[in-house]
Amino acid sequence: MSTIAAPFPAASELRSDPAAQAFTLMRITFALAPILFGIDKFANVLTDDWTRYLAPAFNDIIPGNAATAMHLVGIVEILAGVVVAVTPRWGGLLVAGWLAGIITNLLILGGYGDIALRDLGLLAGALALSRLATAREAASASHHEPARR
């Protein structure tokens, strides 16, 4: 198992390799989106009330009020985006797990099945990013291994 983060593809590879293009697009998207959503938990630009998306069952077990809980969610989302940027193999898994929690929350809350279904698609994309990063890490490691005799 390699601890090398999947490198960004070279420009020549990006021009010619659809897998490299997909990996790069997903890495950037799954880094930026959680960071922007996390920041918005404090700025409230995308919605005027993030707390409406928090199921009472979760709000009851999180210390503080719903606004505090959403600020904690925002911090986790920002951190998840940074992890994707630095190490997409693990960041993709982190984001997928986080999305599974969001889906569960939305289904418990009720009335947001459309958003839960969208997030299921994002979860699949995050898992695909992790798998693409794993393949890139393996390819990168095989190019750096000394020849065996």
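Among contacts in the protein between residues at least 6 apart in sequence, what percentage join residues at least 24 apart? The figure is 64%. The model is predicted, and it holds six helices and zero strands. The protein has 149 residues, of which 35% count as buried.

**Overall form**
- From the N terminus on, the order of elements is α-α-α-α-α-α.
- Taken along the principal axes, the C-alpha atoms fill a box of roughly 60 × 30 × 25 Å.
- The accessible surface comes to about 8,700 Å², and 69% of this surface belongs to carbon and sulfur atoms.

**Nonpolar core and surface patch**
- In soluble globular proteins, nonpolar side chains tend to be buried together.
- Here the largest nonpolar core has 25 residues, and F30, V84, V95 and L129 have the most contacts inside it.
- Helices α2 (18-43), α4, α5 (88-109) and α6 (113-144) each supply at least two residues of this core.
- Leaving aside neighbours within four places in sequence, V95 is in contact with F30, P34, A80, V84 and A126.
- On the surface, F8, I28, L32, L36 and I39 form a nonpolar patch with about 490 Å² of accessible area together.

- E77 lies in helix α4 (residues 66-86).
- E77 counts as buried because its relative accessibility is 7%, and the cut-off for buried is under 20%.
- The side chains of E77 and K41 meet in a salt bridge, at 2.8 Å from N to O.
- This pair links distant parts of the chain, with E77 in helix α4 and K41 in helix α2, 36 residues apart.
- K41 has a relative accessible area of 4%, so K41 is buried.
- The side chain of E77 also makes a polar contact with the side chain of W98 (3.5 Å).
- Leaving aside neighbours within four places in sequence, the residues in contact with E77 are P34, I35, F37, G38, K41, W98 and I102.

**Other salt bridges**
- A search of the whole structure finds four salt bridges.
- One of them joins the side chains of R136 and E13 (3.0 Å, N to O).
- R136 is in helix α6 and E13 is in helix α1, 123 residues apart, so the pair links distant parts of the chain.
- R136 counts as buried at 16% relative accessibility, whereas E13 counts as partly exposed at 25%.
- The side chains of R118 and D119 also meet in a salt bridge (2.8 Å, N to O).
- R118 is partly exposed, with a relative accessible area of 46%, whereas D119 counts as buried at 4% relative accessibility.

Conventions: Residues are numbered from 1 along each chain as its sequence is written. This is a predicted model: local features need pLDDT of at least 70, side-chain atom pairs count only at pLDDT 80 or more; totals for chains, interfaces and linings use all residues. Side-chain values use heavy atoms; hydrogens and water are left out. Helices (H or I, at least four residues) and strands (E, at least two) are DSSP runs, numbered from the N terminus. Buried means under 20% relative accessible area, exposed over 50%, partly exposed in between (1.4 Å probe, protein chains only). A polar contact is a pair of N or O atoms within 3.5 Å; within protein, one must be able to donate a hydrogen and the other to accept it, and residues adjacent in sequence count only if both atoms are side-chain atoms. Contact means heavy atoms within 4.5 Å. Patches are made of residues with over 30% relative accessible area and no salt bridge: like charges are joined within 9 Å, nonpolar side chains (Val, Leu, Ile, Met, Phe, Trp, Tyr) within 5 Å. Accessible areas come from the Shrake-Rupley method with a 1.4 Å probe; for residues, only the protein chains shown count as cover. A nonpolar core is a set of buried Ala, Val, Leu, Ile, Met, Phe, Trp, Tyr and Cys residues joined through side-chain atoms within 4.5 Å.
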